[in-house]
Amino acid sequence: MNSKRLTRVSGVALAIVACTLVGCKSVKSGATAKPSEIVVGEYASLTGTTATFGTSTHRGVQMAIDDANAAGGVNGVPLRLVTEDDASKPDVARTVVTRLITQDKVIAVLGEVASTRSMAAAPVCEQYKVPMITPSSTNPEVTRKGEYIFRVCFTDDFQAAVVAHFAADQGYKRAAIFKDIKNDYSVAFAANFAAELKKLGGQIVAEQVFQEGDTDFKAQLTSLKAANPDAVLVPGYYSEVGTIARQAREVGLTVPLLGGDGWDSPRLIPGAGGPGGALEGCFFSNHYFSTELKEKATQDFIAAFRKRYSTSPDALAALGYDAARLLVDAMKRCPKLDAKSLRDAIASTKDFPGVTGKITLDMNRNARKAALILQVKGDRFTVFRSYTPEQIGQ
Amino acid sequence: MQAFLQQVIFGIQLGSLYALIALGYTLVYGVLRLINFAHGDVFMVGAVVCYYACTRWLPFRNLEAYPDAALANVGLALGVLLLAMAVCAVLGMAIERFAYRPLRNGLQTVDAHFWGMVAALPVAIGAPLPGLPVRAVVWLALGVVFGFLLRPVVSRLARRTVRSSSRLNALITAIGVSFVLEYGGLLVFGADPNFVPTVVPERTFEIPGGIRVGTPQMAILCISLLLMAMLRWIVLHTRRGKAMRAIAFDIEAAKLMGINTDSVIAFTFALGGALAGAGGALVAALTHVKITPLFGLLPGIKAFVAAVLGGPGSIPGAVLGGLLMGLAEAFVAGSQFSAYRDAIAFCILIILLLARPTGLLGQPVTEKV
């Protein structure tokens, strides 16, 4: 009995040793020969509270990788995209990115949309020295997490300054602010907007706050109305903005509302009472992408995207597409495919022709890009005007 | 003065909603001395039912395309209100029957069938099935099978469970039920915020003095007052109401007098559920806030505070507490200190409770030694 068990145990042990040896061997041969494929990792919120963000971005990324493979990959080596779902949760994002790096051995990581999740995963990428490019996280803190973290979109500081310049240009000298006190994005946006508007000679005549989950905003809106502003900045997410707009009209506050990219959702207009509802004619800043832009690269991308997914791309899909293409471009410029040289290649990106505008990465690994001001008209967002970093003095 | 009166109107509207929910807390507390933490989520279910009824189940017509459909839509909207109340009344009774009663009276074999249905729910939702009717049939069939499978387990457990009078067990169960409703809601309804479209025509009137009053506010206020009056009549002038008051006074004595306490307690939960359902439907359809499965959390907590403020167990107290909470919130939110809105409301609660530990209208209870 005992000896039998011993043989069994040693048999298992032998098998494990054999497997390990085989494993070692295959890894070794892979390292010496030319790699048969390049593995790129992506983490996205494919399910959960912001599922539409993740799905949209993933479509753009997948399209860019497939395009690159159709054009011969990177110097003849095909790319493979491994996508992990983080269920819209920061802790899951950290786990799946660790798995991408340690088990799938990805050379670079793409993701995420939400800044909280990008900030959760960025330290992991920094720890393993794997470059990470976020397509659309706008919080300034994200790229401060380390040398290996990049972004292909503008930051909230810039966006708030754009809205302030827009307000000044429109003649909204007396602005009011209605912000979500529990949301970092909203609070920082409001602070930057106020600082910039004051520099431009405007003033903040009233400031009130709300909280995500509130059902009634009428008391605050009434006191904002009493200050008689030219416009009200509501830097929140689309889920609250519609309700706020409806209740604002109800208490007789009829001035335009202003916002940021948190408004960009197909649910914004239904929340405000449908086309022609409470948000009609209001403005918000967004990434430089719209189906109305006439640039050829943009229109080609829109046509290809519609053909593949039979729906129009949004800004998030376009930014996902740009992030992946920028990564492929950096790989092509890279003499040797290791993490350090890939990082340097990404960092030296200059005037890359993206579908969301020309992308140049600055020394803080952020993209300098133009922003659009969109206006709500009927059931769509139309381009009102655009601002480049130079125009607002940044 | 104008701003003051305007905030009073907002405060009363908000307060009447808090009062509706607070009544559910206070009714249950009165008969069982239990804080039913799942009550805020029953309110959420009312809002969700309203959303489905307004967008899918009932043939509402788009007001912009058919302006003359207004009257028909108002009729349907009243139907939605009744439907939400009915669904939430049944939900309240189900929560009492299957979560709280087993704690009070011990587990019974019949409970196996309920848990069978619950166990079958995720399977029915997760399986790739075409259409709602097929899903419902599969759910029922699986639920019955699971129920019979669970019977031996439950009857074994039933012999071991002891009737417990511990209020702590009931309280923890209430929190558990609340989680079941919230995360079950996430499964069915999804986490994306949804909005009820405008189904009834809305107009805002400006009365002399520059004060604005909207039809939605008036509707919320009138319906809440009507429901409270009906509740008062039921509690004071019907046999069931008398039985409720008897149980609130002394449950053991009520049993000895031949009152079927279980059925009266179930009725109490139904009443509370119906009020919360009405509140949920009113909020969803008339204030146009986003509806998510976690949407009952904040209003639920505030209504609970209102119930404590008024004196738990006291019906006029719940109404008074709700109105006070609403007014306090409106005034603070309309002032320079809107960031401290909830903090100030809770400070009022603490100060009042220090002065009157039993709440504004609560009866002091002398413990018999």
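Analyst: Let's start inside the sheet: strand S6 (residues 174-180) and strand S8 (residues 231-233) of chain A run parallel and are joined by 3 bridges. For the terms, strands are DSSP runs of E with at least two residues, helices are runs of H or I with at least four, and both are numbered from the N terminus; two strands pair if DSSP finds at least two bridges between them. One of the bridges takes A:Ala175 to its partner in S8(A), A:Ala231.

Before going on, a word on the source: this is a predicted model, where local features need pLDDT of at least 70, side-chain atom pairs count only at pLDDT 80 or more, and totals for chains, interfaces and linings use all residues. Residues are numbered from 1 along each chain as its sequence is written, while chains are lettered from A and ligands numbered from 1 in the order in which they are written.

Now zoom out a bit. S6 and S8 belong to an open sheet of 7 strands in chain A, ordered S7-S6-S8-S9-S10-S13-S14, and the pairing is mixed. At the edges you'll find strand S7 (203-210) and strand S14 (380-387) of chain A; each has a single partner strand, so one side of each has no neighbour in the sheet. From one strand to the next, the twist averages 30°.

There's also a helix to look at: helix H6 (residues 184-199) of chain A lies across S6, S7 and S8 of chain A, and runs at about 165° to S6(A). Angles here run from 0 to 180 degrees between N-to-C directions, with axes as lines fitted to C-alpha atoms, for helices over the stretch in contact; contact means C-beta atoms, placed from the backbone, within 7 Å.

Notes: Two residues are in contact if their C-beta atoms, placed from the backbone, lie within 7 Å.
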